[in-house]
Amino acid sequence: MDLLTRAKTWVIQTEFVDGQGHIHVTDAVALRIILDALPVRAPYRFLREAVVIRSGQPSRTELNQAATSPLRWKIVRGPKIIAEGKTDDRTIVWPADLPEGAYRLHLTDASSFTEEAPLIVAPPKAYRGDFERGWLVAVQLYGVRSARNWGIGDFTDLEALIELARDLGADGVGLNPLHALFDDRPADCSPYSPNSRLFLNALYIDVEKIPGFQPGALADSAGAIARLRAGDIVDYKGVAELKWRALRAAFETFRAHPAAGRRQDFDAFRAERAPLLSRFACFEVLRHKFNKPWWEWPEQWRQPDEAQCAGLRQGADAAEVEFVEFVQWAADRQLRSCRDLAGQLGMKVGLYLDVAVGVQSDGFDAWNEQTAISRHLAVGAPPDPLNLAGQNWGLAGFNAAGLELQSFEPYREMLRASMRYAGAIRLDHVLGLKRLYLVPHGFAANDGVYVQMPFEALLAATAQESVAHRCVVIGEDLGTVPEGFRETIAEWGIWSYQVMMFERDDHGAFRGVDHYAPNALVTFNTHDLSTYAGWRSFSDLKLKRSLGIDPGESDDARWQALAMLSDLLRHHAIDRHDLYAVAGFLAKTRSRLLAISLEDMLGVIDQPNIPGTVNEHPNWRQRLPIAIDAIGAAIDVAALKTATRERTRAMA
């Protein structure tokens with residue numbers, strides 16, 4: 001089979017039109033690498049794709065011409081047959097009373113050829129939320145200052161943020177991803193480049209809050225903690241050194257003298273997260289032991305193996321495995337306390353968490369899901385007006401064939417981990433549910449291809465997990481959006497993500513309140529864009545030019561944008577030009593959620609992250625200018641409450 005035929009079989013676009021209207025044809029060598037990196041799965045003979053049935057709606061599946069009648073079908077879950085039947089005319093009309101769930105479909109035609117595929121019976125829509133209009137405080141948790149943290153925001157600070165948000169009338173706190181990073185590479189601090197999306201970043205643990213923690217264990221570190229606390233930049237290396245020492249000490253205390261009920265709760269947590277937690281712990285121990293990428297480990301460890309992991313858990317490394325589990329337990333229980341506090345305070349959303357689009361290829365998820373995640377391919381984006389060279393994010397993402405072979409379970413596990421304590425999640429680059437732009441390692445970003453994903457099946461799985469966890473799903477749908485994409489996700493109940501900076505017409509004018517969709521989260525900016533103060537002061541343009549980066553906008557264009565913003569605000573009877581004027585405008589939209597960043601409330605000029613930079617800018621390291629207990633006095637609370645009064649929580 002030649003390259004183009006193979007590509008067509010796997011619905012790979014070997015050429016595409018970029019955001020500027022230019023046609024790109026993928027390099028043949030790059031295409032071969034991409035095809036070889038995808039798992040082998042025989043094309044369906046009877047079906048076109050995995051079967052999706054929406055509960056309560058009539059549903060039928062048209063079979064391909066290859067099917068010879070009569071064709072028998074049965075829907076199974078494990079050894080149990082849920083339903084079965086036959087058809088004589090290449091059309092299956094599904095029973096109306098199928099219970100919601102994820103199943104396997106078995107098909108056998110008159111020639112005795114048998115085929116198997118995933119079948120999902122999904123709720124009609126994702127969870128809609130039990131509120132009409134609210135707003136959130138958006139925060140980079142690592143940057144929060146307090147009188148007690150160790151130089152990085154932690155889960156106790158998050159509790160204080162929840163209380164602050166409640167006092168301001170908000171319905172929750174929005175956070176950057178909390179995914180697990182690499183404990184031995186603290187400088188790799190981007191929350192969007194995780195080791196695993198299934199577990200939590202241990203640096204957010206408040207170690208002093210772990211029952212049994214002995215302050216004396218770090219008596220020699222008081223000065224170092226004070227220095228970390230006073231810094232304007234998060235010193236991840238310094239923080240990690242102290243926190244991991246403290247976590248070790250807390251673990252030794254726990255092993256020697258567990259407080260009443262603690263051992264039972266620990267064991268309950270291990271059972272809750274089995275078998276993934278045990279596998280993650282084994283992976284971390286092996287990663288430290290071999291100190292090289294997992295594909296260079298001894299052969300017996302290059303694939304997850306339950307028997308091998310069981311031996312590791314029972315051998316000389318048993319305590320190290322248990323330590324990793326202990327750390328995740330501490331993080332989980334502290335995050336759960338934050339969720340519980342938000343519920344006690346009557347917040348309708350509580351925690352709004354971000355989910356990264358991919359993972360590091362040498363991390364746990366890529367090792368654990370070698371069929372569903374392609375380590376040789378990086379997710380990115382083709383050239384567009386904002387990035388003429390295209391983008392390679394260096395992250396491994398899911399692939400369609402691998403997900404289908406596993407009935408989409410790896411995707412579900414990712415959702416469950418993020419929805420565990422969240423009232424809403426944001427799927428970064430939700431366009432990846434329909435198609436992913438993949439770039440082979442070693443090639444330029446414009447040598448990638450679009451690979452089609454099982455869109456409807458992924459939407460169905462998303463709806464199932466959303467309803468099961470009562471968690472709103474927001475899709476970050478920015479960039480080059482396929483025609484009809486937003487309408488399709490909206491029809492499944494997945495919200496849009498509308499950023500005011502991008503909501504402008506062909507002449508640059510900002511769009512009015514009626515433009516914004518009801519089921520959407522609206523915000524002025526994102527962590528990858530200028531803060532409001534930086535935007536008004538042109539500081540973002542000056543900084544990018546100083547770094548040799550084309551800001552994509554001239555000073556004249558910025559002056560014009562400011563004038564157009566003033567026109568928009570006047571048109572909506574808003575006579576101020578500050579952040580609260582913009583917040584007031586966005587609060588008037590029909591969109592059910594509004595996010596306002598804490599950096600904007602505090603007038604911070606520099607943005608959290610400048611895409612395209614690594615060491616040129618302190619990305620993901622900047623701390624807020626003041627401690628959390630002083631924020632209420634530093635912001636104009638009256639103006640904020642006036643701006644958000646149309647969607648502010650009723651105070652008890």
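The accessible surface of the protein chain comes to about 26700 Å², and 51% of that area belongs to carbon and sulfur atoms. The model on screen is predicted.

**The whole chain**

Show the chain as a cartoon. There are 21 helices and 24 strands to find in the protein chain. Along the principal axes, the C-alpha atoms fill a box of roughly 75 × 65 × 55 Å. How does the radius of gyration agree with that of a compact globule? For 652 residues, such a globule would have a value near 26 Å, and the protein chain has 26 Å, which agrees.

Colour the residues by accessibility next. Buried residues make up 57% of the 652 residues. Contacts can be sorted by distance along the sequence: among those between residues at least 6 apart, 73% join residues at least 24 apart. Then colour by charge.

**Stop 1: aromatic rings**

Select the rings of Phe, Tyr and Trp. The structure holds 32 aromatic pairs. A pair of aromatic rings is described by the distance of the centres and the angle of the planes.

Zoom in on Phe254 and Phe326. These two residues form a tilted aromatic pair, with 5.4 Å from centre to centre and 35 degrees between the planes. Which parts of the chain does the pair link? Phe254 is in helix H5 (residues 236-256) and Phe326 is in helix H9 (residues 318-344), so the pair links distant parts of the chain, 72 residues apart. Phe254 and Phe326 are buried.

Move to Phe364 and Trp367, another tilted pair, at 6.1 Å centre to centre and 50 degrees between the planes. Both residues belong to helix H10 (residues 364-368); because they are three residues apart there, about one helical turn separates them. Phe364 and Trp367 are both buried.

**Stop 2: Ser418**

Select Ser418, which is found in helix H12 (residues 409-419). Is Ser418 buried or exposed? Its relative accessible area is 6%, so Ser418 counts as buried. Show the residues around Ser418. Leaving aside neighbours within four places in sequence, the contacts of Ser418 are His179, Arg197, Leu353, Val355 and Ile425.

**Stop 3: Leu433**

Go on to Leu433, in the loop between strand S18 (424-427) and strand S19 (435-440). Leu433 has a relative accessible area of 7%; the cut-off for buried is under 20%, and Leu433 is therefore buried. Not counting residues up to four places away in sequence, Leu433 touches Tyr411, Leu427, Met453, Pro454, Phe455, Leu458, Leu459 and Thr462. Draw a distance line from Leu433 to Gly475: the two are 42 residues apart along the chain, and their C-alpha atoms are separated by 9.8 Å.

**Stop 4: Ala96**

Select Ala96, in the loop between strand S8 (91-93) and strand S9 (101-108). With a relative accessible area of 75%, Ala96 is exposed. Draw another line, this time from Ala96 to Pro79. The two residues are 17 apart in sequence and 22 Å apart in space, C-alpha to C-alpha.

**Stop 5: the backbone**

Hide the side chains for this last part. Most residues other than glycine have a negative phi, and most peptide bonds are trans. The places below are exceptions to look up.

- Ser69 and Pro70 are joined by a cis peptide bond with omega about 0 degrees. Pro70 sits in the loop between strand S5 (60-62) and strand S6 (71-77).
- From Ala274 to Pro275 the peptide bond is cis, and omega is near -5 degrees. The loop between helix H6 (262-272) and helix H7 (276-290) holds Pro275.
- Asn291 has a positive phi, near 55 degrees, and is not a glycine. Asn291 lies in the loop between H7 and helix H8 (306-314), and counts as exposed at 63% relative accessibility.
- Arg470 has a positive phi, near 50 degrees. Look for Arg470 in the loop between helix H13 (455-469) and strand S21 (472-475).

Definitions and conventions:
Residues numbered from 1 in each chain as written. Predicted model: local features only at pLDDT ≥ 70, side-chain atom pairs only at ≥ 80, totals over all residues. Heavy atoms only, no water. Helix = DSSP H or I, 4+ residues; strand = E, 2+ residues; numbered from the N terminus. Rg over C-alpha atoms; globule rule 2.2 N^0.38 Å. Buried < 20%, exposed > 50% of the residue type's maximum accessible area, 1.4 Å probe, protein only. Contact = heavy atoms within 4.5 Å. Areas by Shrake-Rupley, 256 points an atom, 1.4 Å probe, with all protein chains shown as cover. Phe/Tyr/Trp six-rings, centres within 6.5 Å; stacked < 30°, edge-to-face > 60°.
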